[in-house]
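Welcome! Please take a look at the sequence and the 3D structure shown here before reading on.

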Amino acid sequence: MGWLFYTDRRVQTYADEKAEITRLCTFESDIRKTELIKACKVGSTWYAAARVTNLDGTPVEDATYATEADGSITFGAVFLTAYDNGCWGYKDMEESAGPNASRAPLALIELLSDLKDPDSYAQDWRQRCRDWASIPDYEEGDKIKLAAPVTLTDGSTCQIVTATHYRRGRQKRRCYRIEETGGLVRLSKASLAGSELLSSAKGEASPVLAEYLAGRDA
């Protein structure tokens, strides 16, 4: 399915978006109903868990999902979203379609029903979400070895870095000091996958940044 944009511009805020995701995940037929049980927005993408139940109380039979004890099944869905000239739009995918966006929080993944096929696209999507969630959120002063050297814009590489930060106005932004050169670099969360904590040095201040600035001003 392609993108659908709302030209009436009725969706403008976070609350509007969540209300629309809820509406899209809520419907009822003569025999079944589907309802949203959790929705989370990560970046511009919404992740949803929706529960399906039979109106007569009998167990839901499904080729993809194992039925829960209460007779329901719960599946995951991904809504890519964007604004185009002020108009909000979305592209939705059920998890068994194998969506590329895979940053759903673990709290949402844990709500989903078991899958019958261990090699399904949905199983792979869930694992990619778990892998993303497992990437460490390092503390100030932590010394880290990346799983593989990262190539920087000047062609050099780095693999051992120390977590620090810099300030832009009132904002505190994460960066890393390169062990080999002492320079500072921004790293994406994805580049920290499989990294190893070499040593920890928690603290409110930023001793590595202070050292870097002192050396630069000398």
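What follows is a short briefing on domains, cysteines and one threonine.

This is a predicted model, in which local features need pLDDT of at least 70, side-chain atom pairs count only at pLDDT 80 or more, and totals for chains, interfaces and linings use all residues. Residues are numbered from 1 along each chain as its sequence is written, and side-chain values use heavy atoms, with hydrogens and water left out.

**Domains**
- The domain assignment, which is automatic or comes from a database, gives domain 1 (4-134) and domain 2 (142-215).
- The C-alpha centres of domain 1 and domain 2 are 36 Å apart.
- UniProt lists residues 116-190 as "domain: DUF6927" in an unreviewed entry; such annotations may be inferred rather than shown by experiment.
- Residues 116-190 are 17% helix and 41% strand, with helices (H or I, at least four residues) and strands (E, at least two) taken as DSSP runs numbered from the N terminus.
- The end C-alpha atoms of residues 116-190 lie 30 Å apart.

**Cysteines**
- The count of disulfides (pairs of cysteine sulfur atoms within 2.5 Å) is zero.
- The closest cysteine sulfur to that of cysteine 25 is in cysteine 40, 12 Å away, which is too far for a bond.
- Cysteine 25 is buried, at 6% relative accessible area; buried means under 20%, exposed over 50%, and partly exposed in between (1.4 Å probe, protein chains only).
- Cysteine 87 is also buried, with a relative accessibility of 12%.

**Threonine 34**
- Threonine 34 sits in strand β3 (residues 32-42) and is buried, with 6% relative accessible area.
- Leaving out residues up to four places away in sequence, the contacts (heavy atoms within 4.5 Å) of threonine 34 include Cys25, Phe27, Val52 and Phe75.
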